[in-house]
Amino acid sequence: MTGNPRRMVDLLKERVVPVRDWRLGTRFAVSFALVAAVVIALVGSLAYNTAAFLIRTDEQTEFDTTVESLSRDLRGPAMDPFSGGNGPTLLHSDSFTYQAITPDGGLQVQVRGGQPVRFLPVTDEDREIAAEEQAGVVHTREDAAHGEEYRIATVSLGGGSGAIQIGQRLSPTESMLDSLATQMLGVGGAVLIGAGVAGWLIGRRVTGRLVRLTEAAEYVSATGRLDYPVPGGEPAARQAAGDEVGRLGNAFSAMLARLAGSKEEQRRLVQNASHELRTPLTSLRTNVSVMRRFEQLPPEGRQQLLDDLQGETRELTDLVDELVQLATDSREDEQPTDVELGALAERVAARTRRRTGREVTVDADGTVVHGRPGALERALSNPVENAAKFDPDGAEPVEIVVREGRVEVRDRGPGVDEQELEHIFERFFRATSARSMPGSGLGLSMVHDIVSAHGGRVLAANRPGGGAVVGFWLPPRSEGDPAADRRD
């Protein structure tokens, strides 16, 4: 591998994961670290530069003050720092070094007590200052000596008698600033690592639930099963999870539950439909077999066979139409609006009179509900048609009564067995007394679905004196009721 650089580059490319493929937790950690790095760089740079400027300015001010004070003292009454008499006051410290030089540049004495002897460098400019006739003339420069940086000022004594040099050590200050920079880098590095770890922990906490949701979605997509336990779907978890990820888990769990219910409903619909379709298809197949001997049948048998075929075909058509409506749920496309139940009942009654010749009466108040007009009309027409069908004598009219959202369809037919009342709204259920009559057993189940979708409830009972009462209740719409819009 060491002899093939291209192979090494290829291996490196294979091992380096592109940014777009990073896990979300890694992206959180890197993002936190990058933000922290930018903040640390900005704040650290500002803090260091401010501190360095203040410290260096303070040193420069101290140096300038010391030099100015010495120059002022030397410009005063004549004084000779080498005579042993009273001379200028020189403050000793670890940062300052003093020495006196002669006009020829020779070192007469180092004015420094108890410290190692470290002579300051003397230049031609310093000799010129030492030979000055005027006292207090100053020349400053920066120079290096003994492996350290110095700020040096040469102040003339006057009369060409020499000069005093003041040297300020700069290395201790720079060492201190270097130490400060090192400490700030260390603290910044620690903060950077902490930010990365915090980002990773937060990312892991947040993305852990997302990972489990992703696994659930992949499992459902791969297997088609909807019984996968979704994280956050438990009641306690739903109460505790109020953030976006928790809400996503709750919504995903509710969606799977809806899909599972829809799938189960579809399965039962297919099973029941296949069972109900079998009867008319069997009858049609039998009649088709009889049709082979149609010429041999007497006129009465021919007519009976044709009537039977026509009736079975009509029943099969009605059953298929109702199955299509149930499967496609086409009524959901209708826009909801305010519907007056009395006017709706009048339309249903008029159509039933026209189709069956039966008398249908309407006794309605002005109740208004919010819903889909076509769906509600079907919900009312189904029990009215059933009442007309199951009361073939027609001695008394079918009654439609509307009171405060309660709609009742009353007849004087045979009624319903008490044990079957609670089942008449189930799909494909047919009462014992109605099994000899045409019908699919889907009409009242559709009434139940429509009424439930509008926030109401269905009702069924036997009338005193014979007959049945079948209907539903819907929440009335009052003037200015804003709740209707929320029910949509």
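**Reading helices, burial and ring pairs**

Q: What share of residues 28-48 is helix, and how far apart are the end C-alpha atoms?
A: Helices are DSSP runs of H or I with at least four residues, strands are runs of E with at least two, and both are numbered from the N terminus. Residues 28-48 are 100% helix and 0% strand, and their end C-alpha atoms lie 29 Å apart. Residues 180-202 are also 100% helix and 0% strand, with end C-alpha atoms 32 Å apart.

Q: What kind of model is this, and how are residues numbered?
A: This is a predicted model, in which local features need pLDDT of at least 70 and side-chain atom pairs count only at pLDDT 80 or more, while totals for chains, interfaces and linings use all residues. Residues are numbered from 1 along each chain as its sequence is written, and side-chain values use heavy atoms, with hydrogens and water left out.

Q: Which feature does UniProt place at residues 28-48 and 180-202?
A: UniProt positions follow the numbering used here, feature names are shortened, and annotations may be inferred rather than shown by experiment. The unreviewed UniProt entry gives "transmembrane region" for both spans.

Q: How many helices and strands does the protein have?
A: The protein has eleven helices and twelve strands.

Q: What percentage of the residues count as buried?
A: Buried means under 20% relative accessible area, exposed over 50%, and partly exposed in between, with a 1.4 Å probe and protein chains only. By that rule, 34% of the 488 residues are buried.

Q: How many aromatic pairs does a search of the whole structure find?
A: A pair of aromatic rings is described by the distance of the centres and the angle of the planes. Rings of Phe, Tyr and Trp (its six-membered ring) pair if their centres lie within 6.5 Å; planes under 30 degrees apart count as stacked, over 60 as edge-to-face and the rest as tilted. The search finds two pairs. Phe 63 and Phe 96 are stacked, because their ring centres are 6.5 Å apart and their planes at 5 degrees. Phe 63 belongs to helix α2 (residues 24-74) and Phe 96 to strand β1 (residues 96-101), 33 residues apart, so this pair links distant parts of the chain. Phe 96 and Tyr 98 also stack, since their centres are 6.4 Å apart and their planes at 20 degrees.

Q: Are Phe 96 and Tyr 98 buried or exposed?
A: Phe 96 is buried at a relative accessible area of 3%, and Tyr 98 is buried at 1%.

Q: Which charged residue lies over the face of Phe 63?
A: A charge sits over a ring if NZ of Lys or CZ of Arg is within 6 Å of the ring centre and within 35 degrees of the ring normal. Arg 151 lies over Phe 63, 5.7 Å from the ring centre.
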